[in-house]
Every structure is written in C-alpha cells, then in structure tokens.
Amino acid sequence: MAVLMGPLAGVRVLTIENFISAPIATMWLADAGADVVKVEIPGAGDTSRSVQPIRERDGERRSLSFIRANRNKRSIELDLKDPAGREQFQALLAKADVLVENLRPTALKALGLTYDDVRRINPKIIYGAISGFGLPEFNEGDLPFWPAFDVVAQAMGGLLFRPEGAQDTPVYAGFPLADIFASANLQSSIYQALYHRERTGEGACIDISMLDGVVAFNELALIMYGALNEVAARGMHGLSAPFGSYPTANGHIVIAVLGEPVWRRFTDAMGRPDIANLPEFGSGRLRHQNREVLDAHITNWLGRKSTDEVLQQLRAYDVPASPVLDINEVIELENLRKRGMVTTVDDPVWGSVRMAGNPLHSSLMEKMPLVPAPELGADTETVLRDWLADPAD
C-alpha cells in the first residue's frame, strides 16, 4: 500500500462517479492523502474514459477528460449488479470512511446505494452525493429526477443571462462552473463531516445540488431582484462602475471600482478629480446607471495607452486592475506554476501534461505527490488485499 502522508492520510474514500463534479472532489481529497478507490463498471469504467480526445499507446487508451479529474486515485472493477461484486463492495464499504457518488437517483435505489442502505452497513459512513437538484429522499417533486449536466444547472440558476452579450440570447461561459463549485462544496462538507465524526462518532449524509451552487454564485443578482425588484444588467456589476473590461492599444484590461475611496483614487489616476463629485457619479449605483457617460471619460483617458502603461498608472493609485489573459497566457504565469496551480503530470499515454493543480494551499499540503490517473481496474487486487486483509483490523 502507498505510504500514508498528507492531512487525510488514513482516510478511506470509496467513490462511484462519472464525468467531472464528483471526480474533481475526490481527486482533491486524494491530493490531500486520502486513499481514494474508484469503483468502476468492468470493461467500461467511468463514462469520461470514452470522451474524446483519446490517445492510445501500447494497447492502452486514455481520455484527456478522464485524466484531468482522476490523478492520485486507485481503480477497481466491480459489477454491483452481480451478487459476488456487490458482496465485495459491501465489504469495502464496511471499511470506508467516506462514500462519494454522483449517479442518477434511480440507479442508486436499484443498486441499494441510498443513504439508508449504506448506513445500515456502516453507521459511521460519511455519504457524499452530488446531483443536479438534490437527493429525492430529501426533496419533493420531480426535479431531483431530472438528468443534469453543468450547463443545465447554470441555465436553471440564471447564469446564462449574466454574461455580457446575453442581452440578445442566453450565453454559456464555456467552463463547468456548476460542476467545479459542486466539487468544492462537497469537499468542504466532507471535511466538516470528518471533524464532526472525530468529536461525536456520528456519520453524515451530504446532499450537494449543482443548482444550489449556481444560485450561490448568482447571489448579487438574486438579492437585487429580491430587495429592489431590479433585474441586473447583463455582464455588469449591479452596484458599481467601472467594473469590467476596456480595450487598450495592445489588449484589454479590467478595472474594478467598488466603494467611494476607490472611486476617488480612480479619478485621480485618470487625472480627472473634477468628475469625482459630479451628481451622476455620486454613488456606485448611479455610476452603474450612467455608465455610458462614464465609459466615454474612461475611453478618452485610455486613448492609445498600452496595457502596461494603464496598469502602472492604476496601481500607483491602488486601483484594482489587471490584464485580461487568455488560457495560453494563464498557463505560463510564474505565480501559478510556483504555487502548483498549474502543475505537470506524467501520463503513460499522453506524456507530460500540464493541468490544473489543487486550489487548497497550506503547510499540510506541501510536496504532495502527483500520480497519474489509473488504468481501469489496475488496483483491484491490491485494494481488496489492503482494505479487506488489513492486519490492523
């Protein structure tokens, strides 16, 4: 068995998962030292194993989608529909600290994997579920039974009407915000439950809804409508301006002004203290409402200045601003490389792959190893031996 290290050393996690939301959460747990065992369908595995692009080497086929969310885990093949496979799974479940799943509710019931089923086998288990709209046993109506991917949750939570350009049609931002935030929420809830169990000996059921996370992201638009009956302008911060992107001579910058002290520093940076006290700019909401007039002043000030020139001037006055980077520039940021947020994993098929690291940074997470995503079923024998024939039991 691997040498135990990290803040979650000794924590055993069983996971029955597909695609991104649950796999990202369990990958972060594995990064922290948990022994994460991925239970996969024999011969098929996680559905993301079949998502293109796929490369093949020496008879092994590996999907880029799969390796992005499964480092530091072990894979076992078990047929949970077969009595023998189910018996082995239940034996593993009895030794687990955490069970994570993101299956369809109907599949959970058919496989005997609801929270009530699981806690009968292991009363101290921490059961962590990610779904589109919450577990049906804790939520009324048909919504929990709807199939959901990331874009479905974003659409249901109002985010497709938030980006700039959504005045005419809903706009998907192009990244799995609902998936990743659900992963973060599940991870933090598991840490809560582990701490709670340490003090009380009690297990827990964690019910993470992707829609809930999207609504939490959209909280500013929600409270503005709830309190003021106003629908926030697309792509804009409803409480302030300037708060967005502007073109420079050689790119784009974002300028973020929130609060009157920052507003006054910004007008000084522009060399326009005369507009600081104009009635139409007297508050963040007024600047937002009169942003076309304000933007004319800003565009005139920007003129033909380069990004670096503008940023130097704004930073001299302590105004939050940055260049707008595309991913080819993000991946080269030295700060991200040194923090391990852009990291490199040596995959046996894809070779050296740069990918996103773990966003949790602490003294407990220093020098944690990065093991590539497992081949389907590669660890079946060793996991059964490690977990079921543990001499400490």
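In which loop is proline 242 found? Proline 242 sits in the loop between helix H9 (219-228) and S9. Helices and strands here are DSSP runs, numbered from the N terminus: a helix is H or I with at least four residues, a strand is E with at least two.

A word on the model comes next. This is a predicted model: local features need pLDDT of at least 70, side-chain atom pairs count only at pLDDT 80 or more, and totals for chains, interfaces and linings use all residues. Residues are numbered from 1 along each chain as its sequence is written, and side-chain values use heavy atoms, with hydrogens and water left out.

Back to proline 242. A cis peptide bond joins alanine 241 to proline 242, with omega about -5 degrees. Another cis peptide bond joins glutamine 52 and proline 53. There, omega is about 5 degrees. Proline 53 lies in the loop between strand S2 (35-40) and strand S3 (54-57).

Now follow the chain to the sheet. Strands of a sheet pair through backbone hydrogen bonds, either parallel or antiparallel. Two strands count as paired if DSSP finds at least two bridges between them. Here three strands form an open sheet in the order S9-S10-S11, with antiparallel pairing. Strand S9 (243-247) and strand S11 (321-323) are the edge strands, and each pairs on one side only. From one strand to the next, the twist averages 20 degrees. Five bridges join S9 to strand S10 (residues 252-256). Phenylalanine 243 has alanine 256 in S10 as its bridge partner.

A helix covers part of this picture too. Helix H13 (residues 307-316) packs on the sheet and touches S10 and S11. Contact means heavy atoms within 4.5 Å. The direction of H13 makes about 160 degrees with that of S11. Axes are lines fitted to C-alpha atoms, for helices over the stretch in contact, and angles run from 0 to 180 degrees between N-to-C directions.

Two residues with positive phi remain. Aspartate 58 has a phi of about 50 degrees although it is not a glycine. Aspartate 58 lies in the loop between S3 and strand S4 (60-63). Asparagine 72 is also not a glycine, and its phi is near 65 degrees. Its place is the loop between helix H2 (64-67) and strand S5 (74-77).

Are these residues buried or exposed? Buried means under 20% relative accessible area, exposed over 50%, and partly exposed in between (1.4 Å probe, protein chains only). Aspartate 58 counts as exposed because its relative accessibility is 80%. Asparagine 72 is buried because its relative accessible area is 15%.
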